[in-house]
Amino acid sequence: MSNPGGASISADQLKARYIGTGHADMSKYEWATNQHRDTLSSHVGHYDQLSYYAVAQNESIGRVRSQMLEKMFQPCGPPPQKNDAS
């Protein structure tokens, strides 16, 4: 893999640059949460997509944006309980 300048980028550098790429110790919940947040932020950031969702839901664009931003707080529900069986 390379960047626009043509120099190679290692997987470690890529993971350090972008949080959503994950790591070996990432749980399924963390991965799904990152995916949902990335998707919601994309919808909020692209006005045409946001207006499409607003029309489909028969809501105002501001209300749909507000709902999506609220969903970004815990998009997959509360985190699972951690078992400390050590």
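This is a predicted model: local features need pLDDT of at least 70, side-chain atom pairs count only at pLDDT 80 or more; totals for chains, interfaces and linings use all residues.
**Figure 1. Overall view of the protein chain.** Among contacts between residues at least 6 apart in sequence, 37% join residues at least 24 apart.

Figure 2. Threonine 33 lies in helix H2, which spans residues 28-45, and counts as buried because its relative accessible area of 6% falls under the 20% cut-off. The side chain of threonine 33 reaches the backbone oxygen of tyrosine 29 at a distance of 2.8 Å. When neighbours within four places in sequence are left aside, threonine 33 is in contact with Pro75 and Cys76.

**Figure 3. The crossing of helices H2 and H3.** The axes of H2 and helix H3 (residues 47-57) come within 5 Å and cross at roughly 95 degrees, which means that H2 is roughly perpendicular to H3, since angles of 65 to 115 degrees are classed in this way.

**Figure 4. Residues at the contact of H2 with H3.** On the H2 side, Ser42, His43, Val44 and Gly45 take part, and they meet Tyr47, Gln49, Leu50 and Tyr53 in H3. Sorted by class, the contact of H2 with H3 has four nonpolar and four polar residues, and no charged residues.

Methods:
Residues are numbered from 1 along each chain as its sequence is written. Side-chain values use heavy atoms; hydrogens and water are left out. Helices (H or I, at least four residues) and strands (E, at least two) are DSSP runs, numbered from the N terminus. Buried means under 20% relative accessible area, exposed over 50%, partly exposed in between (1.4 Å probe, protein chains only). A polar contact is a pair of N or O atoms within 3.5 Å; within protein, one must be able to donate a hydrogen and the other to accept it, and residues adjacent in sequence count only if both atoms are side-chain atoms. Contact means heavy atoms within 4.5 Å. Axes are lines fitted to C-alpha atoms, for helices over the stretch in contact, and angles run from 0 to 180 degrees between N-to-C directions. Angles under 35 degrees count as roughly parallel, over 145 as roughly antiparallel, 65 to 115 as roughly perpendicular and the rest as oblique. Ala, Val, Leu, Ile, Met, Phe, Trp, Tyr, Cys and Pro count as nonpolar, Asp, Glu, Lys and Arg as charged, and the others, Gly among them, as polar.
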